[in-house]
Amino acid sequence: MLNNLKNKLFKSIKSKKLNVFLFFLVLSFLFLVVTKLSKIYTETITFHIKYENVPIQHSINTDVDSIVKVKVRTYGFNLLPHNFYRHTILVNFNKEVRKNGQNYIWKSERGFSKIEDQLGPKFEVISIEPDSLNFPYEVMTVKKVPIKFDRDITFASGYDVLNTIDINPDSINVIGPKKSVEKIKHVKTDKLILKDLNETFKKQVKIVLDPSIENIKLSENNTVVSAIVTKFTEGTFEVPITIINLPANVKINYFPKTIPVSYYVSLENYNAIKVLDFKIICDYEKVKNDERTYFSPQLIEKPDLVKSAKMKQNKIDFIITE
């Protein structure tokens with residue numbers, strides 16, 4: 001019993017000594033770190049170059065990562081967080097470069113303010129190397145081609161598109177080597193599938209290229225497809241027939257005098273449609289030299305508000321009376 005008590009007491013003392021030792025070890029380490037970080041250091045920070053507003057007809061050689069090395073002086077505390085993220089400089093090709101032969105040249109001094117903004121006022125910039133960067137470029141062919149909208153769209157009963165399906169943009173620039181660009185007559189969209197539509201829609205769809213065509217860039221990667229969808233109805237008018245190119249010395253009688261025309265229109269525009277908005281003609285010039293005794297009527301006018309119109313008769317009989 002007494003021995004057990006002694007052993008427990010010894011272990012307790014030993015454990016406390018170990019904890020005290022670890023505490024002072026950690027404290028010493030922290031003191032060392034603080035001492036180190038409180039000193040002033042001269043270090044080099046790497047900045048990676050990114051581009052914007054590169055002319056569409058030029059392709060910059062990006063095989064090698066363009067960098068500048070910035071030598072700075074500051075306290076260790078300030079340097080510590082900068083070791084954990086990637087520094088970049090965005091070069092604007094509209095304003096910050098000049099052309100020299102087949103190269104764009106950028107002076108590092110143009111990035112000085114961008115470097116200072118990222119580092120902050122606690123850093124002293126000593127030098128930037130190199131003092132300039134060359135960006136070799138290749139001249140590409142640019143061609144504008146139409147976008148073909150690939151779709152599978154059905155409408156709920158009684159619904160349809162009010163005017164047309166709008167595609168914006170409806171064409172884009174393809175950029176690349178001349179031989180590749182010349183093969184491209186159009187680009188397509190991903191297939192847009194919409195079923196039983198009964199409301200207006202607006203969708204962004206991706207533009208896709210034939211995968212067999214390589215080294216091509218697109219000025220746009222997406223287009224927006226939209227349409228007003230509304231309720232439609234059908235109407236019918238008896239439209240009078242007009243005979244044209246009938247000589248003054250020829251008299252004819254024809255039957256019938258009107259043709260029923262069915263038309264498809266949005267419900268909201270139904271009352272705006274009038275019979276006089278339609279015109280059907282029969283051309284005597286087309287039958288005068290043969291033995292036909294009938295006309296083939298043509299619907300040559302319909303109102304813009306009407307989506308479609310169809311005559312319900314395609315033959316008009318006639319006889320010459322004098």
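Is E124 buried, partly exposed or exposed, and what is its relative accessible area? E124 is partly exposed, with a relative accessible area of 42%. The views below come from a predicted model.

**View 1. R73 and E124 form a salt bridge.** The closest N and O atoms of the pair are 3.1 Å apart. R73 sits in strand β3, and E124 belongs to strand β7 (residues 124–129). The contact therefore ties together parts that lie 51 residues apart in sequence. R73 has 33% relative accessibility, so it counts as partly exposed. For E124 the relative accessible area is 42%, and this residue is partly exposed too. The count of salt bridges in the model comes to five.

**View 2. K114 meets E96 in a salt bridge.** The N to O distance is 2.8 Å. K114 lies in helix α3 (residues 112–119). E96 lies in the loop between β4 (87–92) and β5 (98–100). The pair links distant parts of the chain, 18 residues apart. How accessible is each partner? K114 counts as partly exposed at 23% relative accessibility. E96 has a relative accessible area of 15% and is buried. The cut-off explains the two labels: buried means under 20% relative accessible area.

**View 3. D152 forms a salt bridge with K195.** Here the closest N and O atoms are 3.0 Å apart. D152 is placed in strand β10 (residues 151–155), K195 in strand β15 (residues 192–197). The pair therefore ties together parts 43 residues apart in sequence. D152 is partly exposed, at 27% relative accessibility. K195 reaches 49% and also counts as partly exposed. That value falls in the partly exposed class because exposed means over 50%.

**View 4. Strand β8 pairs with β2 and with β6.** Strand β8 spans residues 132–139. Strand β2 (residues 58–60) runs antiparallel to β8, and three bridges join the two. Within this pairing, S59 has E138 of β8 as its bridge partner. Strand β6 (residues 103–107) is also antiparallel to β8, joined by five bridges. There, I105 stands opposite N134 in β8. In a regular strand, side chains alternate between the two faces of the sheet.

**View 5. I40, Y75 and F77 form a nonpolar surface patch.** Together the three residues have about 320 Å² of accessible area. Y75 is located in strand β3 (residues 67–75). Y75 counts as partly exposed, with 44% relative accessibility.

Conventions
Residues are numbered from 1 along each chain as its sequence is written. This is a predicted model: local features need pLDDT of at least 70, side-chain atom pairs count only at pLDDT 80 or more; totals for chains, interfaces and linings use all residues. Side-chain values use heavy atoms; hydrogens and water are left out. Patches are made of residues with over 30% relative accessible area and no salt bridge: like charges are joined within 9 Å, nonpolar side chains (Val, Leu, Ile, Met, Phe, Trp, Tyr) within 5 Å. Accessible areas come from the Shrake-Rupley method with a 1.4 Å probe; for residues, only the protein chains shown count as cover. A salt bridge is a side-chain nitrogen of Lys or Arg within 4 Å of a carboxyl oxygen of Asp or Glu. Helices (H or I, at least four residues) and strands (E, at least two) are DSSP runs, numbered from the N terminus. Buried means under 20% relative accessible area, exposed over 50%, partly exposed in between (1.4 Å probe, protein chains only). Two strands pair if DSSP finds at least two bridges between them.
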